[in-house]
Amino acid sequence: MRDVIIACDFPSTEATLAFLDKFKDEKPFLKIGMELFYGAGPDIVKEIKRRGHKIFLDLKLHDIPNTVRKAMKVLSALDVDMVNVHAAGTIEMMRAAKEGLTREDGSRPLLIAVTQLTSTSEEAMRKQLLIDATIGDTIIQYAKNAAEAGLDGVVCSPLEAGIVKDACGKDFLTITPGIRFADSAADDQVRITTPARAREIGSDFIVVGRPITASEDPVAAYRRCVKDFCD
Ligand code: C5P
């Protein structure tokens, strides 16, 4: 199951497809986010699927259960491979998301929860959201809620993958951004680790953006990630 997911943080269909054209021998698993999806629409998903890639559609749904259920049914019909919701939407919302995703034949994309965004500080959580707990405790509680709702895993820092597995079981998936080669720039990421270390800690999927997309040789950078993380 272990795989490298490339974060396709490009502004347009043209830029995305030009990037994918560089890959002649492999079909990387791709993450499509809000900017590209809202700009290019479902057609970009269909085109990338037609080219043979798996897609993590990173739209982080968070709404009332009924709305999320119906939205997930639409995303499931797009035949994406992984989608996500905010665990803050509650267990009931996550259950509704799973129902909406499940196709008539019982198949469905993987369903992943976002716990606390890495951009949310503990101070903001306590003062603005009135959540009287540590960030770590919130992440674990949200992960447990996701597991109880029957989700497949969470997005988390690679450094937290071990504690999430301890709390939710070894089969509960951890999808981890914040990956950098030892010799590459951290950019705006703070809590980072290498593909090899992420593997040791127990990540199932690493999400890698700029170390691949901004590299002079994206195919070589992707292969380096695969070698360090999967092989
Ligand atoms: O370029 P970089 O490797 O930092 O990209 C990481 C990707 O993972 C981006 O698409 C970013 O939005 C996403 N992400 C993240 N941290 C989170 C959740 C998502 O970096 N906590």
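The largest nonpolar core has 57 residues, and the ones with the most contacts inside it are Val4, Leu57, Met72, Leu75, Val85, Met94 and Ile212. Keep in mind as you look around that this is a predicted model. Helix α11, residues 218-229, supplies the largest share of that core, with six residues. For background, nonpolar side chains in soluble globular proteins tend to be buried together.

Let's zoom in on Leu75, which is one of the residues with the most contacts inside the largest core. If you skip the neighbours within four places in sequence, Leu75 is in contact with Phe37, Leu57, Leu59, Leu61, Val80 and Val83. Leu57 turns up here again, as it is also on the list of residues with the most contacts inside the core.

Now for how the helices sit against one another. Two packed helices are described by the angle between their axes and the distance between those axes. Start with α4, residues 65-77, and α5: their axes come within 7 Å and cross at roughly 30°. An angle under 35 degrees counts as roughly parallel, so that is the label for α4 and α5. Their crossing is right-handed. On the α4 side, the residues involved are Pro65, Val68, Arg69, Met72, Lys73 and Ser76, and they meet Glu92, Met93, Ala96, Ala97, Glu99, Gly100 and Leu101 of α5. Sorted by class, this contact has seven nonpolar, two polar and four charged residues.

Helix α5, residues 90-101, has another partner in α7, residues 135-148; here the axes come within 9 Å and cross at roughly 45°. That angle makes α5 oblique to α7. The crossing of α5 and α7 is right-handed. Ile91, Met94 and Arg95 from α5 make the contact with Asn145, Ala146 and Glu148 from α7. The residues of this contact divide into three nonpolar, one polar and two charged.

Next, have a look at Phe19, which lies in helix α1, residues 13-20. Is Phe19 buried or exposed? Its relative accessible area is 3%, so Phe19 is buried. Not counting residues up to four places away in sequence, Phe19 touches Ile6, Phe10, Ile212, Thr213 and Pro218. For a sense of scale, Phe19 and Ile175 are 156 residues apart in sequence, and their C-alpha atoms are 23 Å apart in space.

Finally, a couple of backbone angles. Most residues other than glycine have a negative phi. Thr90 has a positive one, near 85°. Thr90 is found in helix α5, and its relative accessible area of 41% makes it partly exposed. Asp187 also has a positive phi, near 55°. You'll find Asp187 in the loop between β7 (173-176) and α9 (195-201), where it counts as partly exposed at 43% relative accessibility.

Methods:
Residues are numbered from 1 along each chain as its sequence is written. This is a predicted model: local features need pLDDT of at least 70, side-chain atom pairs count only at pLDDT 80 or more; totals for chains, interfaces and linings use all residues. Side-chain values use heavy atoms; hydrogens and water are left out. Axes are lines fitted to C-alpha atoms, for helices over the stretch in contact, and angles run from 0 to 180 degrees between N-to-C directions. Helices (H or I, at least four residues) and strands (E, at least two) are DSSP runs, numbered from the N terminus. Angles under 35 degrees count as roughly parallel, over 145 as roughly antiparallel, 65 to 115 as roughly perpendicular and the rest as oblique. A crossing is left-handed if the near helix is turned anticlockwise from the far one by less than a right angle, and right-handed if clockwise. Contact means heavy atoms within 4.5 Å. Ala, Val, Leu, Ile, Met, Phe, Trp, Tyr, Cys and Pro count as nonpolar, Asp, Glu, Lys and Arg as charged, and the others, Gly among them, as polar. A nonpolar core is a set of buried Ala, Val, Leu, Ile, Met, Phe, Trp, Tyr and Cys residues joined through side-chain atoms within 4.5 Å. Buried means under 20% relative accessible area, exposed over 50%, partly exposed in between (1.4 Å probe, protein chains only).
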